[in-house]
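Look over the chain shown below before reading on. The paragraphs that follow go through its fold, its charged groups and its loops.

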Amino acid sequence: MEGYQKNQSARQKWNSAAFAYAHKELHAIEADEELRAEMNREYEAARYKAPNGKDYTTAHAWKFNSLLWKWKRENPFEG
């Protein structure tokens with residue numbers, strides 16, 4: 001474990017786990033042409049608005065935020 005990770009609070013570790021999940025999933029989606037096309041269709045169907053209510057200018061940013069939101073809903077912080 002990296003030195004800075006040892007000093008993270010429980011909430012920071014929870015956020016780090018969410019980011020790791022989102023990065024891994026997004027990388028897999030963007031590596032597959034069909035999944036990337038599906039992501040773009042979902043992005044347009046959502047009218048660029050992520051589950052947190054914010055608008056995003058790219059499907060990549062929209063999907064990343066959506067994956068973060070999904071992970072955090074499925075793994076609520078219990079600090």
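How many helices and strands does the secondary structure of the protein chain come to? The protein chain has four helices and zero strands, where helices (H or I, at least four residues) and strands (E, at least two) are DSSP runs, numbered from the N terminus. Along the sequence the pattern reads α-α-α-α. This is a predicted model, in which local features need pLDDT of at least 70 and side-chain atom pairs count only at pLDDT 80 or more, while totals for chains, interfaces and linings use all residues. Residues are numbered from 1 along each chain as its sequence is written, and side-chain values use heavy atoms, with hydrogens and water left out.

Taken along the principal axes, the C-alpha atoms of the protein chain fill a box of roughly 40 × 25 × 20 Å. The protein chain has 79 residues, of which 25% count as buried. Buried means under 20% relative accessible area, exposed means over 50%, and partly exposed is in between (1.4 Å probe, protein chains only). Accessible areas come from the Shrake-Rupley method with a 1.4 Å probe, and for residues only the protein chains shown count as cover.

Glutamine 8 counts as buried because its relative accessibility is 17%. Its side chain makes a polar contact with the side chain of serine 16, at 3.1 Å. A polar contact is a pair of N or O atoms within 3.5 Å; within protein, one must be able to donate a hydrogen and the other to accept it, and residues adjacent in sequence count only if both atoms are side-chain atoms.

The next loop joins helix H2 (10-31) and helix H3 (33-45), and aspartate 32 is found there. With a relative accessibility of 33%, aspartate 32 counts as partly exposed. Together with Glu33, Glu34 and Glu38, Asp32 belongs to a patch of negative charge on the surface. Patches are made of residues with over 30% relative accessible area and no salt bridge; like charges are joined within 9 Å, and nonpolar side chains (Val, Leu, Ile, Met, Phe, Trp, Tyr) within 5 Å. Lys and Arg count as positive and Asp and Glu as negative, while His and the chain ends are not counted. The place of a charge is taken as NZ of Lys, CZ of Arg, CG of Asp or CD of Glu.

Helix H3 also holds arginine 41, which is exposed, with a relative accessible area of 54%. From C-alpha to C-alpha, arginine 41 and leucine 68 are 19 Å apart in space and 27 residues apart in sequence. Tyrosine 43 is found in helix H3 too, but it counts as buried, at 7% relative accessibility. The C-alpha atoms of tyrosine 43 and alanine 59 are separated by 5.6 Å, although these residues are 16 residues apart along the chain.

How many salt bridges does a search of the whole structure find? The search finds two, a salt bridge being a side-chain nitrogen of Lys or Arg within 4 Å of a carboxyl oxygen of Asp or Glu. One is formed by glutamate 42 and lysine 63, with the closest N and O atoms 3.3 Å apart. Glutamate 42 lies in helix H3 and lysine 63 in helix H4 (residues 59-74), so this pair ties together parts that are 21 residues apart in sequence. Glutamate 42 is partly exposed, at 30% relative accessibility, whereas lysine 63 is buried, with a relative accessible area of 14%. The other is formed by lysine 49 and aspartate 55, with the closest N and O atoms 3.0 Å apart. Here lysine 49 is partly exposed at 40%, and aspartate 55 is exposed at 53%.

The loop between H3 and H4 remains. Most residues other than glycine have a negative phi. Arginine 47, found in this loop between H3 and H4, has a positive phi, near 55°. Tyrosine 48, found in the loop between H3 and H4 as well, has a positive phi near 70°. Arginine 47 counts as exposed, at 66% relative accessibility, and tyrosine 48 as partly exposed, at 41%. Proline 51 lies in the loop between H3 and H4 and is partly exposed, with a relative accessible area of 40%.
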